[in-house]
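Colleague: I have the model open and a few things to ask. Can we go through it piece by piece?

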Amino acid sequence: MTLFESIVTGLDEARRHWGRTLLSLLGLVLGTGSIVAVLALFGGQTALTETYINEVGGAGTLIVSNRDQSADPTPRELAADWLTYRDAAFLKERATSLALVSAGWAQSLTYRVDDLSFRGQVIGTVPDYAKINDIRPMAGRFLSDLDVERKNRVAVLGWKFADSLFGAVERAVGGVVHLDGVRYVVVGVMEREELYFAAWSGNALRYRNERGYIPITTAIAQYSANDGDAISFLTLKARSGVRPRTAEQQVRALLYARHGFENFDIRGAGTGDNDQEFFLLFNFIFLVVGVVSLFTGGIVIANILLASVVERVREFGTRMALGATPLGVFVHVLAEVLVVTVLGGVAGLGLGMALTGVVGHFMQMPAVVSPFVGSIAITTALGVGLLAGIYPALRASRLSPVEALRYG
Amino acid sequence: MPPLIHARGLAKTYRLGRVDVAALRGVDTDVEAGEFVAIIGPSGSGKSTLMHILGCLDSPSAGAYELDGEDVSALRGRHLARVRNRKVGFVFQTFNLMPRLSVEENVALPLKHRGGISRADRKARARALLERLGLAERLRHRPDELSGGERQRVAIARALVGTPAILMADEPTGNLDSHSGAEVLATFEELHSGGHTILLVTHDPNVAARAQRTVELSDGRVV
């Protein structure tokens, strides 16, 4: 009996016993469906995370920040310098793996325009900060090298702050804002930044709309003259073609040599984000559900198939008497289950796509059922079918013809 | 020319729980090509066991068996399946037709299991036999649409389709009314006079009387 005939027979068996087929398909369809949905949502989420990382600087962006002092610092640790503005110049000169280096000074200051005032974050930085973070002014300009060189008292506002302080973005440029009592001229307003992982998860880039930028030299001179040229962080961009890991190692070695102690942390931009961890958990749960239902589906199929083998012991006995080989009987039973499981896989793919659509729609999450996801679904279903079918097929093929004929 | 069936000292022991049960205790038998032989004996005499071994459905625990010149007593699994497929045609008491296949498909089944025969060829051979057995009108019917006698004639056609060396029947009239039974027996006689070798197991003396020769078993031995 050829494989094609086995498949035709398998299809025929599946059709004639459609109730049984439907039952065995249920677990498979649900399992495959939920795996498809998870992979699709996960794919969408991964794409979003990539967008997010690109938004906050891209994969080659590194952020260096001061590490908290240990509870019981050694003299060596106490002697170590914290991050300084000079570190930035040093890295610019020595770190060959870096394309861009920007220093950042961050503090919460009081913003005041006329009689409106509130506290908010102020970033003291350099022009390259905008390049690294891929942020652009929507009106006016960002900080310039000249601003940094001359310690100009100019400010660039995030969209939200410009709107709150001046009532409209257009009125902000050229306006005057006081930061902790120091007068600044607003030279630019940055573009509004938004990224939602899901409709209910809030704007992941909101912090960028709620801050202001001033030249780092101005910040140090005006607000932290007593601390020398201490800064809060360094934002670095690796050269294209250099692996972030390599750049990180070089920066670590250089700063360690300079500070004499590893009192700093280096991390990639966009990592360690709570939202992502949440989504990973979410996907994991879905995946577990999918695997469990597939497993259950597999057991159901194996059982139903076993029952159908028992039901047809006489038939197999007769076929053997007519010359069917053990292998022939094995293939016959297996072909039947494979046909059923491929059907189940296709139906599961359909269900998964529907599920993806519904979940994606209600939770406003992007999701894509790619051909890759589709092939995974079908392959998984086939795998389950094979595993479930092998035992019943083996049982059928090992029947002794005499006993099989005598059965029932 | 050696006999078609040449068996010496056939024994079969089953293990039932902790006791060994001897179903056959050394049977010698020969069947010549073209013979019509009935194996008779009371139930439990071992006649079915003997036929299963002669029909290559089972292997003897001891003894030698040559079928159509081939020593088959040591064959197992697919090798035995090949011999069954090519040399033996079976007819069962309960017909054992596939309920979901048409008459034509049922008859073609041994050829399907043999492999290497085109679908058209299988159909043609099945049809030719069914026509010869007077079932030309029934090709597309399902077994449950046929009478008992017709079903058994379909089973006979199925047993013959692979042109086996011998036709074996286990109580072929056991599930039939007397009229259908007579019909089926007439078919066997016809086949015999056409040159077919037939081996039949029965406990019915009237059926056995139609055979040329009888082999009587009692308690696992030929008497």
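Modeller: Start with a helix pair in chain B: α3(B) and α5(B) cross in a right-handed way. Right-handed here is the near helix turned clockwise from the far one by less than a right angle, left-handed if anticlockwise. Helices (H or I, at least four residues) and strands (E, at least two) are DSSP runs, numbered from the N terminus.

Colleague: Which residues make the contact of α3(B) with α5(B)?

Modeller: From α3(B), B:Val103, B:Asn106, B:Val107, B:Leu109 and B:Pro110; from α5(B), B:Val154, B:Ala157 and B:Arg158. Contact is C-beta atoms, placed from the backbone, within 7 Å.

Colleague: And at what angle do the axes cross?

Modeller: Roughly 35 degrees, and the axes come within 7 Å; α5 covers residues 148–160 of chain B. The axes are lines fitted to C-alpha atoms, for helices over the stretch in contact, with angles from 0 to 180 degrees between N-to-C directions.

Colleague: Before I go on, what are the ground rules?

Modeller: This is a predicted model, where local features need pLDDT of at least 70, side-chain atom pairs count only at pLDDT 80 or more, and totals for chains, interfaces and linings use all residues. Residues are numbered from 1 along each chain as its sequence is written, while chains are lettered from A and ligands numbered from 1 in the order in which they are written.

Colleague: What does chain B average in pLDDT?

Modeller: Chain B averages 88, with 100% of the residues at 70 or above; pLDDT is the predictor's confidence in each residue, from 0 to 100. The model has ipTM 0.91 and pTM 0.63.

Colleague: How many residues of chain B are in contact with chain A?

Modeller: 18, against 18 residues of chain A. On the chain B side, α2 (77–87) and α3 (103–114) each supply at least two residues.

Colleague: Now the sheet. What is the strand order?

Modeller: β6-β7-β8-β3-β9-β10 in chain B, an open sheet of 6 strands with mixed pairing. Two strands pair if DSSP finds at least two bridges between them. The edges are β6 (88–91) and β10 (221–222) of chain B.

Colleague: In which sense do β7 and β8 of chain B pair?

Modeller: Parallel, over 4 bridges. One bridge joins B:Asp170 to B:Val201.

Colleague: Last one, chain A. Why is α13 largely enclosed?

Modeller: Because 7 of its 9 residues (313–321) are buried, meaning 20 or more other C-beta atoms within 10 Å of the residue's own, with 12 or fewer exposed and partly exposed in between, C-beta atoms being placed from the backbone. Among them are A:Phe316 and A:Met320. Just after α13(A), A:Gly323 has a positive phi of about 115 degrees.

Key: Contact = placed C-beta atoms within 7 Å.
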